[in-house]
Amino acid sequence: MILETFPVGPLACNCTILGDPETHEAIVIDPGDEVGLIHRRLTELGLTLKQILVTHAHIDHVGGALRLKRLTGAPILFNENDLPLLKMMDSQAGWLGVATPETAPPDEYLADGLLVGLEHYPAKVLLTPGHTPGSVCLHFAPLKLLIAGDTLFAGSIGRTDLPGGDYDKIIDSIHTRLLPLPDDTRVLTGHGPATTIGAERSGNPFLHGQ
Ligand SMILES: [Zn+2]
């Protein structure tokens, strides 16, 4: 398996490339920016992009998706509950003081329970609203890997003060959808270091004292 995660853009969104060295197919998760770098890496690794998966429609996660689609032909997938955020791309760009990236609605919706990814490395979509209404996590059960977007961070949780954010929902999403996963599930977060479900269950201050 090829698995590379690297920060892109001014907010250092973690972008992930997951590739299959046998079939030479790949997915990219959260190409928020620096599409040239992502595309060059895919080429260097000899990978053909099959899907562009977006955990939520904040600019730092979705901003490069359409450019990457145009370079590769791969479809874009995210949850339909984040379509209102896509329509707010001008104001999202204003928050960051950057130019508005061109975006487009997804080619397919990431509905809860949908299986996505590669034939040998499938992922189940877990709808985890709270950071945004359409935030999803991607659970690669055979790999013991979770892509958490901005729902769960090492020692923290996603902010809920932006439009569509809901603190009670993010706490409920983490408790009902993420903490039931095995302790040794590796969690690649949307920003900052990786963690594990076990480490967050025992040590995340936002998930205790209720
Ligand atoms: Zn976000």
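I looked up N79 and found it in the loop between β5 (76–78) and α4 (83–87). Helices (H or I, at least four residues) and strands (E, at least two) are DSSP runs, numbered from the N terminus. The model is predicted: local features need pLDDT of at least 70, side-chain atom pairs count only at pLDDT 80 or more, and totals for chains, interfaces and linings use all residues. Residues are numbered from 1 along each chain, and side-chain values use heavy atoms, without hydrogens and water.

Is N79 buried or exposed? At 6% relative accessibility, N79 counts as buried (under 20% relative accessible area; exposed is over 50%, partly exposed in between, with a 1.4 Å probe and protein chains only). A polar atom of the N79 side chain lies 2.8 Å from the backbone oxygen of L110. Leaving aside neighbours within four places in sequence, I listed the contacts of N79 (heavy atoms within 4.5 Å); among them are Y109, L127 and V136.

Next, I checked helix α6 (residues 167–178). Its 12 residues should span 16 Å at 1.5 Å a residue, and the end C-alpha atoms are 16 Å apart, which agrees. The expected span is 1.5 Å times one less than the number of residues. I noted the buried residues of α6: I170, I171, S173, I174 and L178. They fall within an arc of 160 degrees seen down the axis, so they line one face of the helix. The arc uses the directions from the helix axis to the C-beta atoms. Their cover includes β8, β9 (136–140) and α7 (197–203).

Last, I followed the open sheet: 6 strands, in the order β7-β8-β9-β10-β13-β14, with mixed pairing. Two strands pair if DSSP finds at least two bridges between them. β7 and β8 (residues 122–127) pair in the antiparallel sense over 3 bridges. G117 stands opposite P122 in β8.

Key. Polar contact = N/O pair within 3.5 Å; in protein donor to acceptor, adjacent residues only side chain to side chain.
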